[in-house]
Amino acid sequence: MPPTNFRLPGPTPLPPAVLDAMQAPMISHRGSDFKARYREILRLARLAHRTEGDVLIWPASGSAGWEAAIVNLLSPGDPVLATVCGDFGERFAKVAVAFGLDVRRLDVAPGRAIAPDLVTAALDAHPGVKAVFVAHNETSTGVTNPLPALARAIRDHGALVIVDAVSGVGALPLETDTWGLDFVFSGSQKAWMCPPGLLIAAVGPRAWDAHKSARFPRFFWDLTAAKTQATEGMTPTTPALTLLFAFHAALEMIEAEGLAAVWARHRALGELTRAGVAGLGLDLFADPAFASDSVTAFRPPAGVDASAFVAAVTAHGTELQVGQGDLRERLVRIGHMGWAHEPDLRDALAAIGAALPDLGVQPAARRDALAPALAPA
Ligand code: PLP
């Protein structure tokens with residue numbers, strides 16, 4: 001059995017440089033070496049977020065970003081708008097309810113993107129909304145929301161733009177400053193090419209203003225504490241040193257490749273994957289105008305559960321992921337973010353093609369259809 005082609009939409013494969021970086025011994029997290037290193041990590045992270053504002057890091061998974069945004073920027077009972085086009089938008093709304101915010105929802109059918117005019121209409125109807133929650137890239141359905149237009153619509157109404165970019169930043173174009181995003185968070189295990197365990201957040205000037213009057217109790221996620229320490233090259237609590245070493249190596253890789261080239265690579269991988277999946281006769285799930293270049297979702301063949309499909313493809317050396325929530329058995333997802341290159345995706349498509357007969361699906365014509373997508377570039 002060849003080594004598994006690990007194509008989950010997170011966690012994602014680790015490049016050798018990141019694995020090497022994690023072999024380093026511990027250093028003092030209050031010493032000069034760490035301070036220099038942390039400052040450099042934050043500088044590179046600001047470049048990758050396209051911001052001159054702050055980027056701060058905590059030991060946590062991406063989900064902590066929902067909570068960190070709420071406790072730092074809002075107060076109990078504040079009206080907010082949760083935009084929901086899949087499972088992660090849904091979870092953001094749930095966290096907001098758990099914290100006692102006054103949550104209005106804008107739901108669209110899974111597979112569709114959030115349309116900016118719907119946001120405008122929702123904010124016209126609820127002019128007091130203080131913040132809007134948006135998933136940059138809805139990992140559960142393979143949809144990328146039109147973030148620049150959404151951010152414009154939200155800012156026109158004076159609300160904060162809070163972005164879950166867990167499967168977006170580092171893979172898809174994201175301009176924190178130019179697009180006017182106020183709080184952008186992500187987890188290390190997606191396009192950052194690192195193991196899970198770091199929460200990374202970009203914080204803009206309007207977020208800092210909101211932070212001054214936000215009244216939720218907070219300690220671990222307190223932005224002021226994190227920023228005060230970051231100014232000294234430190235963190236308020238013991239940092240996840242090994243993960244920071246990994247993140248440093250990954251950020252250096254991104255800087256060396258160039259952010260524009262990283263985005264272009266993901267765009268090409270998205271196109272290749274969608275062409276290959278469609279060529280196999282499988283139905284892509286996302287609205288084509290908003291299909292994600294970091295993860296592709298498609299329906300398994302009629303009569304086949306997603307978990308049976310994934311098991312059949314795993315037997316051919318590629319590991320995919322089933323859907324989430326209500327779509328668990330109705331969707332299959334292929335990750336192509338982070339340390340992902342054309343041969344990895346060609347391999348994954350070939351494994352899917354090889355698994356179809358095992359599932360009783362006749363792929364003959366489909367192999368021909370796949371040929372253009374699989375032809376050498
Ligand atoms: N938001 C999005 C868009 C995600 O894809 C994920 C994880 O897949 C999360 C939030 C939650 O992140 P974590 O599982 O690291 O807590």
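Reply: Arg 112 forms a salt bridge with Asp 287, and their closest N and O atoms lie 3.9 Å apart. The cut-off for such a pair is 4 Å. Between domain 1 and domain 2, the count is 1 salt bridge. Keep in mind that this model is predicted.

Now the two partners. Domain 1 is made of two segments, 5–11 and 259–370. Domain 2 covers 17–256. The centres of the two domains, taken over C-alpha atoms, are 27 Å apart.

Next, the polar side of the boundary. Between the domains, 10 residue pairs are in polar contact, with both residues at pLDDT 80 or more. On domain 1, helix H10 (259–279) and strand E11 (295–298) each supply at least two residues of the side that touches domain 2. H10 gives the most to that side, with 4 residues. By class, the side holds 15 nonpolar, 7 polar and 3 charged residues.

Then the extent of the boundary. In domain 1, 25 residues are in contact with domain 2, where 32 residues take part. The buried area between the domains is about 2200 Å². Carbon and sulfur atoms give 64% of that area. Three residues stand out on the domain 1 side: Trp 263, Phe 290 and Gln 324. Together they supply 28% of the area that domain 1 buries against domain 2, more than any other three residues.

Technical notes: Residues are numbered from 1 along each chain as its sequence is written. This is a predicted model: local features need pLDDT of at least 70, side-chain atom pairs count only at pLDDT 80 or more; totals for chains, interfaces and linings use all residues. Side-chain values use heavy atoms; hydrogens and water are left out. Domain bounds come from an automatic or database domain assignment. Contact means heavy atoms within 4.5 Å. Buried area is the accessible area (1.4 Å probe) that two parts lose on being put together, summed over both. A salt bridge is a side-chain nitrogen of Lys or Arg within 4 Å of a carboxyl oxygen of Asp or Glu. A polar contact is a pair of N or O atoms within 3.5 Å; within protein, one must be able to donate a hydrogen and the other to accept it, and residues adjacent in sequence count only if both atoms are side-chain atoms. Ala, Val, Leu, Ile, Met, Phe, Trp, Tyr, Cys and Pro count as nonpolar, Asp, Glu, Lys and Arg as charged, and the others, Gly among them, as polar.
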